[in-house]
Amino acid sequence: MNTASPFTSDPAVRYQQTRIEHWDDIARRSDHWRGWGGYYHRRLTEVYRFWVAPGQRVLELGCGQGDLLAALQPSVGVGVDFSSEMITRARQRHSTLRFSQVDAHTFEIDETFDVIILSDLINDA
Ligand SMILES: C[S@@+](CC[C@H](N)C(=O)[O-])C[C@H]1O[C@@H](n2cnc3c(N)ncnc32)[C@H](O)[C@@H]1O
């Protein structure tokens, strides 16, 4: 999806490229080390489970490897992330969910959802 020239002068495109490279790198590293965020992610999952009952139609923008989305046990779960390395791992880990590799700014879908989650995305967007 990242077809822009590496020499582009458009700051928005350069920012997007930089962030995609960053998150691709994080995804590759997570194959060997899950980081210090275990407690944080468990707590996030508890909080989202409190608000989102199983069986809902859930869209997550910036879904990473899809673990939060999967933990919510949606009847329909769609995850969106612009990092190809994240989306590859999400598809391998959660085969019953649907994942799209696309920037959340331009994502479009002709479906309705009960819940749309942006967890730890806004600080990046
Ligand atoms: C901190 S991780 C959060 C993962 C998950 N939402 C969670 O809470 O566990 C942020 C994710 O958002 C993705 N992301 C950041 N900006 C994005 C954008 N503009 N469009 C799509 N994905 C984006 C990154 O690739 C990364 O996988």
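This note sets out numbered points on a predicted model of a protein with a ligand.

1. Overall fold. The protein comprises four helices and four strands. Their order along the sequence is α-α-β-α-β-α-β-β. Along the principal axes, the C-alpha trace spans about 45 × 35 × 25 Å. A compact globule of 125 residues would have a radius of gyration near 14 Å, and the value of 15 Å for the protein agrees with this.

2. Burial and contact range. Of the 125 residues, 23% count as buried. Among contacts between residues at least 6 apart in sequence, 50% join residues that are at least 24 apart.

3. Nonpolar core. The largest nonpolar core holds 15 residues, of which Val58, Cys63, Leu69 and Ala90 touch the most other members. At least two residues of this core come from each of strand E1 (57-61), helix H3 (67-71), E2 and helix H4 (84-93). In soluble globular proteins, nonpolar side chains tend to be buried together. Leaving out residues up to four places away in sequence, Ala90 touches Cys63, Gln65, Gly66, Gly79 and Phe99.

4. Ligand shell. There are 21 residues around the ligand, and Trp23, Gly62, Gly64, Ala104 and Ser119 come nearest. Helix H1 (11-29), helix H2 (38-51) and strand E2 (76-81) each contribute at least two residues to the shell. Sorted by class, the shell has ten nonpolar, six polar and five charged residues.

5. Trp23. This residue of the ligand shell is found in helix H1. Trp23 counts as partly exposed because it has 19 C-beta neighbours inside 10 Å, whereas a buried residue needs 20 or more. Beyond its neighbours within four places in sequence, Trp23 is in contact with Ser83 and Met86. From Trp23 to Thr45 the separation is 22 residues in sequence and 20 Å in space, C-alpha to C-alpha.

6. Gly64. Also listed among the residues that come nearest to the ligand, Gly64 is found in the loop between E1 and H3. Gly64 is buried, since 23 other C-beta atoms lie within 10 Å. With neighbours within four places in sequence left aside, its contacts are Asp81 and Met86. Met86 is likewise a contact of Trp23. Gly64 and Ser100 are 36 residues apart in sequence, with 11 Å between their C-alpha atoms.

7. Helix H2. At 1.5 Å a residue, the 14 residues of H2 should span 20 Å; the end C-alpha atoms are 21 Å apart, so the two values agree. H2 is hardly covered, as the count of buried residues among its 14 residues is zero.

8. Positive phi angles. Most residues other than glycine have a negative phi. Gln73, in the loop between H3 and E2, has a positive phi near 50°. Gln73 is partly exposed, because 15 other C-beta atoms lie within 10 Å. Asp120 has a positive phi of about 65° although it is not a glycine, and Asp120 is found in the segment after strand E4 (115-117). With 14 C-beta neighbours inside 10 Å, Asp120 therefore counts as partly exposed.

Terms used: Residues numbered from 1 in each chain as written. Predicted model: local features only at pLDDT ≥ 70, side-chain atom pairs only at ≥ 80, totals over all residues. Near = placed C-beta within 6 Å. Nonpolar A, V, L, I, M, F, W, Y, C, P; charged D, E, K, R; others polar. Buried ≥ 20, exposed ≤ 12 C-beta atoms within 10 Å, placed from the backbone. Contact = placed C-beta atoms within 7 Å. Core = buried A, V, L, I, M, F, W, Y, C linked by C-beta atoms within 7 Å. Rg over C-alpha atoms; globule rule 2.2 N^0.38 Å. Expected span 1.5 Å × (residues − 1).
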